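Here is a short briefing to read with the model open beside you. Take it one topic at a time and find each residue as you go.

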Amino acid sequence: MTLEDLCHRYLDALNTGDLESVRALFVPGAEIASPLYGVRPAHDFYAELFADTTRSETTLLNVFDSSADGRSVALHFRYVWTLASGKVVEFECVDVFELAEDRQRFTKMTIIYDTAPLRSDFEASRKQT
């Protein structure tokens, strides 16, 4: 699998809400750093994210694979996120992934985006569910 395939599989799993497929892209013990959820094991993060989500739609804008050692990649994409409450929020974000040695799975992901425009909708949605 190429790095591009790996990245597309990740976004496809987000778009379809396929919990097992997205979890399979991470090594055991992988960690996610999210501005809304904090630092969580990947296994738990995606269960929580998908529970808070009715629908996800991503549009890939850029892939950055410029690390000197080839061990990281960043995806810049537009995310249309339908929260469990039905509220739709849209934003651009960058997910920065650290890759396993074989470059076939992720060991860590850091999510970067401005939460200010959507934080109140997110928190209200979580209270309703």
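Threonine 107 lies in strand β6; strands (E, at least two residues) and helices (H or I, at least four) are DSSP runs, numbered from the N terminus. This is a predicted model, in which local features need pLDDT of at least 70 and side-chain atom pairs count only at pLDDT 80 or more, while totals for chains, interfaces and linings use all residues. Residues are numbered from 1 along each chain as its sequence is written, and side-chain values use heavy atoms, with hydrogens and water left out.

**Threonine 107 and its surroundings**

- Threonine 107 is partly exposed, because its relative accessible area is 26%; the scale calls a residue buried under 20%, exposed over 50% and partly exposed in between, using a 1.4 Å probe and protein chains only.
- Setting aside neighbours within four places in sequence, threonine 107 is in contact with Val27, Ala30, Glu31, Glu98, Leu99 and Ala100, where contact means heavy atoms within 4.5 Å.
- Serine 72 is 35 residues away from threonine 107 along the chain, and their C-alpha atoms are separated by 9.6 Å.

**The sheet**

- How many strands form the open sheet, and in what order? There are 6 strands, in the order β2-β1-β6-β5-β4-β3, with mixed pairing; two strands pair if DSSP finds at least two bridges between them.
- β2 (38–41) and β3 (53–64) stand at the edges with a single partner strand each, so one side of each has no neighbour in the sheet.
- From one strand to the next, the twist averages 25°.
- β1 (residues 26–34) and β6 (residues 106–112) run parallel and are joined by 4 bridges.
- On the other pairing of β1, 4 bridges join β1 to β2, and these two strands run antiparallel.
- A hairpin through 3 residues links β1 to β2.
- Serine 34 stands opposite glycine 38 in β2.
- Glutamate 31 has lysine 108 as its bridge partner in β6, and proline 41 as its bridge partner in β2.
- Isoleucine 32 has methionine 109 as its bridge partner in β6.
- A handy background point is that side chains in a regular strand alternate between the two faces of the sheet.

**The helices**

- Two packed helices are described by the angle between their axes and the distance between the axes.
- The axes of helix α1 (residues 3–16) and helix α3 (residues 42–51) come within 10 Å and cross at roughly 40°; axes are lines fitted to C-alpha atoms, for helices over the stretch in contact, and angles run from 0 to 180 degrees between N-to-C directions.
- α1 and α3 are therefore oblique to each other, as angles under 35 degrees count as roughly parallel, over 145 as roughly antiparallel, 65 to 115 as roughly perpendicular and the rest as oblique.
- Which residues meet where α1 touches α3? Tyr10, Ala13 and Leu14 in α1 meet Tyr46, Leu49 and Phe50 in α3.
- The residues of this contact of α1 with α3 are 6 nonpolar, no polar and no charged; Ala, Val, Leu, Ile, Met, Phe, Trp, Tyr, Cys and Pro count as nonpolar, Asp, Glu, Lys and Arg as charged, and the others, Gly among them, as polar.
- α3 also lies across β1, β2, β3, β4 (72–83) and β6, and runs at about 55° to β1.

**Two arginines in loops**

- Arginine 71 sits in the loop between β3 and β4, and is partly exposed at 34% relative accessibility.
- Not counting residues up to four places away in sequence, arginine 71 touches Phe97, Glu98, Leu99, Ala100, Glu101 and Arg103.
- Arginine 103 is found in the loop between β5 (88–99) and β6, and is partly exposed at 27% relative accessibility.
- Most residues other than glycine have a negative phi.
- Arginine 103 has a positive phi of about 60°, although it is not a glycine.

**The cysteines**

- How many disulfides are there? The count comes to 0, where a disulfide is a pair of cysteine sulfur atoms within 2.5 Å.
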